[in-house]
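Dear colleague,

Please find below the structure I wished to pass on to you, together with its sequence.

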Amino acid sequence: MENWLNAFALLSNFVIVPALAYGSQLALGALGVTLVFGILRFSNFAHGDTMAFGTMVVILFTWWFQSMGINLGPLPTALLALPFGILFCALFALLSDRLVYRFYRAKRADPVIYLIASVGVMFVTNGIVRFIIGPDDQNFADGERFIIRARDFKEMTGLAEGVSIKLSQGITFFTMIIVVIALFWFLNKTRSGKSMRAYSDNEDLALLSGINPDRVVAITWIIAAALATIAGTLYGLDKSFKPFTYFQLLLPIFAAAIVGGLGNPLGAIAGGFVIAFSEITVTYAYKRFIGHLVPEDWEINGLIQLLSTDYKFAVSFIILLLVLLIRPHGIFKGTGV
Amino acid sequence: MSYLSAKGMTGGYGSVDILHDCTISVEKGEIAVIVGPNGAGKSTAMKAVFGMLAIHTGKVTLDGEDITALTPQARVAKGMAFVPQTNNIFPSMSVEQNLEMGAFLRRDDINGTMEQVYELFPILRQKRLQNAGELSGGQRQQVAVGRALMTKPKLLMLDEPTAGVSPIVMDELFDLIIDIARTGLSILMVEQNARQALNIADKGYVLVQGENRFTDTGQALMNDPEVRRSFLGG
């Protein structure tokens, strides 16, 4: 019995807890992608770098607050800087819409042209972020590190394996829940939210009903930027901030959005967790886990790792391919690719 | 002067004109029907009246006011409502939300109007929490018309409201259109089912190749031997 508990504790510590946090971050990122896809009707490849831009602003404000001695005690100062990051990121997204996407919208361009334009926006954003904060790792997490330390857990339960929950993981999970509830409330209950859904459902009829398309587009960008900044900041707090990593996040985020069904917010959340759990379970080394479950005199050779962590992006990629081949509309019915 | 008057409309998509000096007018509280063979520019004329198609010659006035240069959205605010032939509902939103979206421009209490729509289309009250995309063809058309009525329009424009519905539902829809006209609205509609449409029409327009061929009361057109022979199948 204790073996099983130890094995479960081990799995929680290295798979379940990290995957919940990572899944939340992907879900928030995928929500932004899916929202832009549903309403503006294109795959926004600049989303990863938009996350980096928002997070960069959050980091700069965090450093400024830290230098002035402002902090939130046990909570990371970045939470205080988050609204400023969202504000700047929203302005940046609106500016890119004004300078780039509006031109194509007026011409009613094909989605693929938007997509290429968004690749351009991605490179420019990427350049701006590296120019301002540099290409290196930045650490901006402060406050308490853990909610539960592994050692405390072991003392509490008497198990050989400990479960530690980092504060950043807890914050990530709860922020995700709050943001998702707020987003769904907005989309289903408010006038602006309903007009966004109407626009996404049937653009021409929305115009005939007197819905102002410019307003819908602006609100969409603001929400997408807010989601990107929140997702990016949570990822940065949990791991660390490096512009290139955020660019790479594009793949799992798109995989999450497509797995769930592009254009479907509920699907984006489910997709985020599917991708996160697959990535972590496939790349986790099960040696110790199995060690707890088999008789003690058995000797385990090797790490029992299905795939090296270097190949973690391959997991998203394979899931993406499988979904596109078998179920192109995603788990939940999305608009399709 | 007619309530809606569109005089001498000429225009089309790109450089090709589809409408040639096309004139349509609707009086207050009356039903005007545009009929004609396929490709006659019936729907195009409708779009031109609503501002969804640029006309380079001609003038559209509503209640004496020149609205030729207004966008469709601005025309909605002036009291016009348009029900397109296809894609005329928000499929993933509930019936009630479809009606709410119809009233998007209104800032006052819309419950009274919604109640009127539900009285007109009792089936929609039953299905009000269901997604509009899950309804039958006839019920969707009712949602589409209901959505348009939510702005409290003075002129309702219907583009082939009975396309793709069963004959029984078609009769019901025509009855409903008469009911709507009785409440004082002007109705302008395009119809494939020329015979039935002219039956309920106060005024009929027969368009051929973007031009007015015959214009008369619905009854007179029905009795006109040439119209019967050419367009009503004898």
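The notes below take up each chain, then the contact between the chains.

This is a predicted model, in which local features need pLDDT of at least 70, side-chain atom pairs count only at pLDDT 80 or more, and totals for chains, interfaces and linings use all residues. Residues are numbered from 1 along each chain as its sequence is written, while chains are lettered from A and ligands numbered from 1 in the order in which they are written.

Chain A

Chain A has 14 helices and two strands; helices (H or I, at least four residues) and strands (E, at least two) are DSSP runs, numbered from the N terminus. Along the principal axes, its C-alpha atoms fill a box of roughly 75 × 55 × 35 Å. Of the 337 residues in chain A, 46% are buried. A residue is buried if 20 or more other C-beta atoms lie within 10 Å of its own, exposed if 12 or fewer, and partly exposed in between, with C-beta atoms placed from the backbone.

Chain B

In chain B there are 10 helices and 10 strands. Its C-alpha trace spans about 45 × 40 × 30 Å along the principal axes, and 43% of its 234 residues count as buried. For 234 residues the globule rule gives a radius of gyration near 17 Å, and chain B agrees with 17 Å.

Six strands of chain B form an open sheet with mixed pairing, in the order S6-S7-S8-S3-S9-S10; two strands pair if DSSP finds at least two bridges between them. At the edges stand strand S6 (80–83) and strand S10 (211–216) of chain B, each with a single partner strand, so one side of each has no neighbour in the sheet. From one strand to the next, the twist averages 15°; axes are lines fitted to C-alpha atoms, for helices over the stretch in contact, and angles run from 0 to 180 degrees between N-to-C directions.

Within the sheet, strand S3 (residues 31–35) and strand S9 (residues 203–208) of chain B run parallel and are joined by four bridges. Ala32(B) has Lys203(B) as its bridge partner in S9(B). Helix H1 (residues 42–50) of chain B packs on the sheet and touches S3, S6, strand S7 (155–159), S8 and S9 of chain B, with its direction at about 150° to that of S7(B). Two residues are in contact if their C-beta atoms, placed from the backbone, lie within 7 Å. Helix H6 (residues 137–149) of chain B lies across S6 and S7 of chain B, at about 165° to S6(B).

Asn193(B) is found in the loop between strand S8 (186–190) and helix H8 (194–200) of chain B. Asn193(B) is partly exposed, because 17 other C-beta atoms lie within 10 Å. Beyond its neighbours within four places in sequence, Asn193(B) is in contact with Thr162(B) and Met170(B).

Contact between the chains

The contact takes 13 residues from chain A and 18 residues from chain B. On the chain B side, helix H2 (72–77) and helix H3 (95–102) are the elements that give two or more residues.

Yours sincerely

Definitions and conventions
Rg over C-alpha atoms; globule rule 2.2 N^0.38 Å.
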